[in-house]
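Open the model in your viewer and keep the selection tool at hand. This tour goes from one stop to the next.

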Amino acid sequence: MSINETLIIEKLFMDYSKKIYYIVKKIVINEDTAKDIVQDTFVTAFEKLSQLKDSKAVEKWLIQIAVNKAKRKYSYSQKEMPSDEAYLFENSIENQYLPEKQLENQELKQQFKAHFNDMASEFKQVLILYCYGEFSYKEIAETLEITEGTVKSRLHRAKRILKDKITSGVLQEGGV
């Protein structure tokens, strides 16, 4: 490995490793596994650096390598939601910090976590990349190797499933 290649890989690692770790950790949950996948990602990137055609797309290329490694390493169907996954739900509640809303919000977060864990992996993947990775529809489509239409459909269905399940749970508890 030349000094120039070493500098390139070091710079890529410094620039992108934290973001890649953050995304991978949402997929695999385990901190050590996420760190291993980040390292494996950069080893693979070094080995395939000559295949990178557009240097402007290096971040998405690295993320795609990492997501693919994480998907192979971890079965989404057995995935439990990380404790901070409630972020997806928390940020959709208006006035969440009002005192009278806090108890209700805790109950709703628990319901959200349970329903998220039961959700099919295809919906979890899209939600994680959209909410945590802040990917665009196009970027999600490229990463998961599906069409943009499929991304939009899965994201819409995932939100609808969560909303319907949480709403029906609240209505049942309320005696309606």
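Select α3 and α7: the two helices form a right-handed crossing. This is a predicted model, and every stop below refers to it. The axes of α3 and α7 cross at roughly 50° and come within 9 Å. That angle is why α3 counts as oblique to α7.

Now show the side chains where the two helices meet. On the α3 side, pick Lys60, Gln64, Val67, Asn68 and Lys71. Facing them in α7 are Glu139, Glu142, Thr143 and Leu144.

Next, zoom in on Thr143. Thr143 sits in α7, which covers residues 137–144. Is Thr143 buried or exposed? Its relative accessibility is 4%, so Thr143 counts as buried. Follow its side chain to the backbone oxygen of Glu139, 2.8 Å away. Then look beyond the neighbours within four places in sequence. There Thr143 contacts Gln64, Val67 and Asn68, along with Leu129 and Phe135.

Move on to the largest nonpolar core, a set of 38 residues. Which of the 38 residues touch the most other members? They are Ile20, Val24 and Leu62. Colour the elements that give two or more residues to this core: α1 (3–28), α2 (31–47), α3 (58–73), α5 (99–118), α6 (121–131), α7 and α8 (148–173). In soluble globular proteins, nonpolar side chains tend to be buried together.

How values were computed:
Residues are numbered from 1 along each chain as its sequence is written. This is a predicted model: local features need pLDDT of at least 70, side-chain atom pairs count only at pLDDT 80 or more; totals for chains, interfaces and linings use all residues. Side-chain values use heavy atoms; hydrogens and water are left out. Helices (H or I, at least four residues) and strands (E, at least two) are DSSP runs, numbered from the N terminus. Buried means under 20% relative accessible area, exposed over 50%, partly exposed in between (1.4 Å probe, protein chains only). A polar contact is a pair of N or O atoms within 3.5 Å; within protein, one must be able to donate a hydrogen and the other to accept it, and residues adjacent in sequence count only if both atoms are side-chain atoms. Contact means heavy atoms within 4.5 Å. A nonpolar core is a set of buried Ala, Val, Leu, Ile, Met, Phe, Trp, Tyr and Cys residues joined through side-chain atoms within 4.5 Å. Axes are lines fitted to C-alpha atoms, for helices over the stretch in contact, and angles run from 0 to 180 degrees between N-to-C directions. Angles under 35 degrees count as roughly parallel, over 145 as roughly antiparallel, 65 to 115 as roughly perpendicular and the rest as oblique. A crossing is left-handed if the near helix is turned anticlockwise from the far one by less than a right angle, and right-handed if clockwise.
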